[in-house]
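These are my notebook entries on a structure that I had not examined before. I began with the overall build and then turned to one helix.

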Amino acid sequence: MSITLILLVIGIVFLGSLMRAVFGFGDSIISMPLLALLPIDLSTSISLIGLVGFTVAVLTILSGWQNVDRPVLGRLSIATLLGIPCGLLLVRFAPNKVITYGLGIFLVIYGIYSLVKPRLFQSLPDLSLNKSIWSLPFGFVAGIFGSAYNMNGVPVVIYGTMRDWKPEVFRETLQAHFLVSSSLIIVGQFMGGFWSKELFLLYVLSLPVIGVAILLGNFIHGRIPSYKFGRYVFVVVIVLGMTLLV
């Protein structure tokens, strides 16, 4: 593997980790399309992003566990576990392009709609997601997308924005959920034979930039006013949806 290729991979890992550290999500959808442009095995790319995501979640949680909505985290995690087998079936029987395009279109529409009418759910009490039961369907869908397409964060992001979490609660609860789901994903990738010497080389070389990305991401996150954070999240959701479509 050439030095240039290694530097490109490390740069992509940095971008994904920075996105994750600032907003709490978006690393895999940013990193995977870029890694797909490089001459690297798909299994190596998937496993690398899985390990990086797990590492970012661990390091982020260490400094912000007190902000995690723990009751919600428990329900989301249980529902995610139940959704994982369904995701495997989805991969087996559903056309990949249909799911990808559908998810991309949904994210773009949801993001634009949320920017245009951010107070919709405040004016319709019947649609409130503050009841604990609502975390179950979102966690279940997260398990489906996580096992099928490594996009377990999308349903939880939508749930968090509808709950109108504070920025610190939003980010840390997402990281805690990713920590649980990423652990399962890593085990599955290991058992599936995705791990290799090339993977460990890239992961070890990426560790320093992951640390820098987390420090820089925490700095940027702390400078974002809470009243603007939600709008920034919706913009990121739109960009991710467009990325899937492209």
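The entries below record what I looked up.

I noted that this is a predicted model, in which local features need pLDDT of at least 70, side-chain atom pairs count only at pLDDT 80 or more, and totals for chains, interfaces and linings use all residues. Residues are numbered from 1 along each chain as its sequence is written, and side-chain values use heavy atoms, with hydrogens and water left out.

Entry on elements. I found 11 helices and 0 strands in the protein; helices (H or I, at least four residues) and strands (E, at least two) are DSSP runs, numbered from the N terminus. The radius of gyration, taken over C-alpha atoms, is 17 Å, close to the 18 Å that the globule rule gives for 246 residues, so the protein is as compact as a globular protein of that length. That rule is 2.2 Å times the number of residues to the power 0.38.

Entry on extent and burial. I recorded that the C-alpha atoms fill a box of roughly 55 × 45 × 35 Å along the principal axes. Of the 246 residues, 49% count as buried, meaning under 20% relative accessible area with a 1.4 Å probe, protein chains only.

Entry on contacts. Among contacts (heavy atoms within 4.5 Å) with a separation of 6 or more, I saw that 84% join residues 24 or more positions apart.

Entry on α1. Helix α1 covers residues 3-23, 21 residues in total, and reaches 30 Å from its first C-alpha to its last. This is close to the expected 30 Å, which is 1.5 Å times one less than its number of residues. Just after α1, I noted that Gly 24 takes a positive phi of about 95°.

Notes
Buried < 20%, exposed > 50% of the residue type's maximum accessible area, 1.4 Å probe, protein only.
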